[in-house]
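Please look over the sequence and the structure shown below, and then read the short report that follows.

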Amino acid sequence: MSENTIFAPVSVLPRVGEKKVEALNGLGIKKVIDLLYYFPYRYEDLSKQNIENLVDGDKAVLQGQVVTSPVLSRFGGKRNSLRFKLDVENLIINVVFFNQPYLRDKILIGQEIAIYGKWEQSNLSLVGSKIIDQAKTGQLEPIYSTTASIKQWSLRKLIKDTFTNYQKDLVNIVPEEIRLPLHLMSEAEMLKKIHFPVNYEEAQVARKSAVFEEFFLYLSRLRWLNKDEDQEGVEVNYDLNKLKKFIETLPFELTDSQKKAVNEICYDIKSPLAMNRLLQGDVGSGKTIVAALGIYAAATAKMQSALMVPTEVLAAQHYDNLKSLFKDTSLEIALLTSATPKAQRKNILERLKTGVIDLVIGTHALIQPDVEFKNLSLVIIDEQHRFGVNQRRALRVKGLMPNILSMTATPIPRTLAITIYGSIKISTIKEMPRGRLPIKTLWVKSPDDPLIDRAVQYELKNDHQVYVVTPLVAESEKIDLRNAEEIYDQYVKKYPEVEVALLHGKMKAEAKEQILTDFAAQKSRILISTTVIEVGVDVKAATLMIIYDANRFGLSQLHQLRGRVGRSSLQSYCVLVGNPTNDIAKKRLELMVKSNDGFVLAENDLKLRGAGEVFGSRQSGEINFKVGDPLEDQKALQLARSAVDQVFKSDPLLENEANGNLHQFLIETKDYDETID
Ligand code: ADP
Ligand code: MG
């Protein structure tokens with residue numbers, strides 16, 4: 001591969017050494033093309049603003065003349081402030097920079113400067129965050145999501161330089177016959193307007209092209225790789241009698257939807273075609289048992305199953321639950337995660353290969369190259385939306401064509417599912433298990449509301465358990481950790497008579513597992529947690545959930561969290577704590593109080609997502625598209641679908657010159673199909 005193509009690895013770029021490559025890889029950027037397609041998630045408006053239009057708290061750029069020389073005060077440690085006065089259109093305002101002492105030399109009396117910062121109306125101050133290059137005012141500055149290993153400015157510069165250097169090499173991947181009638185931008189124009197737009201409108205328009213292209217490429221890849229769709233798979237000749245007998249031993253009766261789903265799955269695994277089925281059902285509707293029955297059926301035919309979940313916490317939970325479900329059977333079950341000790345891992349791998357193990361449960365550690373099966377016949381992917389859709393491909397790459405069952409609590413409309421997944425079949429669990437009482441949801445504004453303590457005391461008195469959830473702040477996990485710890489301390493002090501436990505994402509897998517096991521066994525009674533418990537965890541005696549800063553969560557996330565209670569016939573409660581200032585966040589909390597129905601909430605979630613950000617982080621439910629949202633941008637998705645049909649109908653192998661760039665793109669990025677996100 002030549003060095004100057006956009007498909008070259010980022011290491012070919014100037015001043016990108018080993019460390020930077022690593023940092024970029026951490027962001028999912030491996031090739032030059034990934035860097036060019038790494039889009040900002042928002043922009044900072046660097047155009048000068050009129051001071052009269054500002055309200056307290058606005059972020060703005062003000063330009064004026066420095067009237068006093070800057071005074072630096074040190075507060076000890078690295079903390080300091082730099083203060084001076086600025087004349088902005090004859091209004092003298094105060095400017096303060098915290099902890100940027102080096103700016104002092106840049107601020108000279110009489111000089112005209114532009115400063116970006118936060119406006120404080122009460123004392124006519126601008127709390128500066130940076131001085132802006134005057135040539136830049138009147139522009140939007142792209143803000144990329146990044147990590148501690150690569151700084152914002154550095155990433156921005158790298159993207160800018162790379163775009164400048166590669167601009168001339170950019171070809172249009174979407175064929176002209178598609179691009180022109182739809183008035184889509186050329187690759188170069190689109191990238192320019194997304195990374196360096198003159199105004200928001202320009203970015204919005206460019207986004208449309210980007211969304212179409214993303215869907216088009218995704219669907220093209222699907223089509224390209226699925227030339228062999230409906231492939232022969234593994235036939236599972238299970239023992240129906242044994243399965244029926246096992247069902248009779250269950251402590252509850254299956255709901256009608258569960259029975260139907262089990263029948264559909266059994267029919268599919270027995271057929272010679274490889275199953276590709278999605279099982280959707282609201283949180284708590286009982287998807288696990290359906291999967292377990294599929295696993296049991298396969299085991300009666302002496303065939304292996306794998307259950308893949310997004311987190312180690314969930315893997316451990318499933319392991320415990322299924323172990324107890326299958327305790328009177330001969331099923332061999334193993335747990336395999338990245339935390340499994342080496343020797344044990346080796347042992348498990350050996351027993352998987354020889355077919356001793358019937359079911360292995362784990363995270364994506366399960367599809368690492370060294371994991372070999374004797375006769376893998378069924379793969380279940382729980383909480384599907386946390387994975388990409390590439391597991392199936394990853395398994396195929398291993399030369400396996402097992403039956404696949406994906407499970408999700410965030411439903412998507414059928415037509416959409418088919419558009420995204422191709423030939424997927426869907427089973428839906430429509431009703432909750434009998435005897436469930438709807439969770440009662442309350443909303444209080446203040447964390448000091450006495451209702452919270454009363455609710456906790458009441459549930460503890462009845463021998464129930466309590467979840468306390470605090471938000472995970474994407475930009476600063478440290479802050480998040482402190483919050484959880486603070487709340488933990490509070491609860492420990494308040495409830496000395498019971499054991500309070502703390503669970504967060506930064507803990508080692510074994511520690512997490514232990515904490516959850518203790519909670520499930522009622523050793524600890526209150527569990528303070530960040531959102532690591534969001535998916536799947538099942539503790540029946542937990543009947544109360546307090547969610548602090550509930551306004552910081554999205555609707556579907558709140559619903560997922562709430563689904564951790566109300567998992568038995570006991571009345572459960574959810575208390576949302578938060579005092580949102582914006583109407584959308586208020587509306588969300590109101591909806592949570594009003595509805596327990598995941599489908600209704602998902603629909604409303606969609607309506608509530610306004611035009612706010614151009615490229616927000618989107619929780620589309622299923623696939624993690626970078627720009628497009630398969631729900632919000634349904635029209636673009638349908639258009640892309642027809643376009644792909646059109647291209648492949650006339651040129652199924654992409655041999656025409658007009659489709660050459662698309663062909664090359666699919667080949668050059670082929671390895672992407674084998675990676676799991
Ligand atoms: P989810 O669909 O959210 O994954 P689970 O599979 O964890 O839900 O099931 C939630 C709880 O409901 C579990 O404790 C499970 O044992 C129980 N359950 C499942 N099916 C039934 C049923 N038909 N009757 C009663 N309880 C059930
Ligand atoms: Mg589940």
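## A glutamate in a helix

E202 is partly exposed, because its relative accessible area is 21%, where buried means under 20% relative accessible area, exposed over 50%, and partly exposed in between, calculated with a 1.4 Å probe on protein chains only. The model is a predicted one, in which local features need pLDDT of at least 70 and side-chain atom pairs count only at pLDDT 80 or more, while totals for chains, interfaces and linings use all residues. Residues are numbered from 1 along each chain as its sequence is written, chains are lettered from A and ligands numbered from 1 in the order in which they are written, and side-chain values use heavy atoms, with hydrogens and water left out.

E202 belongs to helix α6, residues 200-225; helices (H or I, at least four residues) and strands (E, at least two) are DSSP runs, numbered from the N terminus. When neighbours within four places in sequence are set aside, E202 is in contact with K193, F196 and P197, contact meaning heavy atoms within 4.5 Å. A polar atom of the E202 side chain also lies 3.2 Å from the backbone nitrogen of V198.

## A serine in a loop

S572 is found in the loop between α17 and β21 (573-577), and this serine is buried, with a relative accessible area of 1%. A polar atom of its side chain lies 2.9 Å from the backbone nitrogen of G566. Apart from neighbours within four places in sequence, the contacts of S572 include P438, I439, K440 and V565.

## Two helices that cross

Two packed helices are described by the angle between their axes and the distance between the axes. The axes of helix α17 (residues 555-562) and helix α18 (residues 583-594) come within 10 Å and cross at roughly 35 degrees; axes are lines fitted to C-alpha atoms, for helices over the stretch in contact, and angles run from 0 to 180 degrees between N-to-C directions. On the α17 side the contact is made by L555, L558, H559 and R562, and on the α18 side by R588, L589, L591 and M592. These residues divide into five nonpolar, one polar and two charged.

## Around the ligand

Which residues come nearest to ligand 1? Of the 18 residues around ligand 1, those that come nearest are G284, R436, D538, K540 and R567. A nitrogen atom of ligand 1 is 2.8 Å from a polar backbone atom of E253, and an oxygen atom of ligand 1 is 2.7 Å from an N or O atom in the side chain of T288.

Notes: Nonpolar A, V, L, I, M, F, W, Y, C, P; charged D, E, K, R; others polar. Polar contact = N/O pair within 3.5 Å; in protein donor to acceptor, adjacent residues only side chain to side chain. Near = heavy atom within 4 Å.
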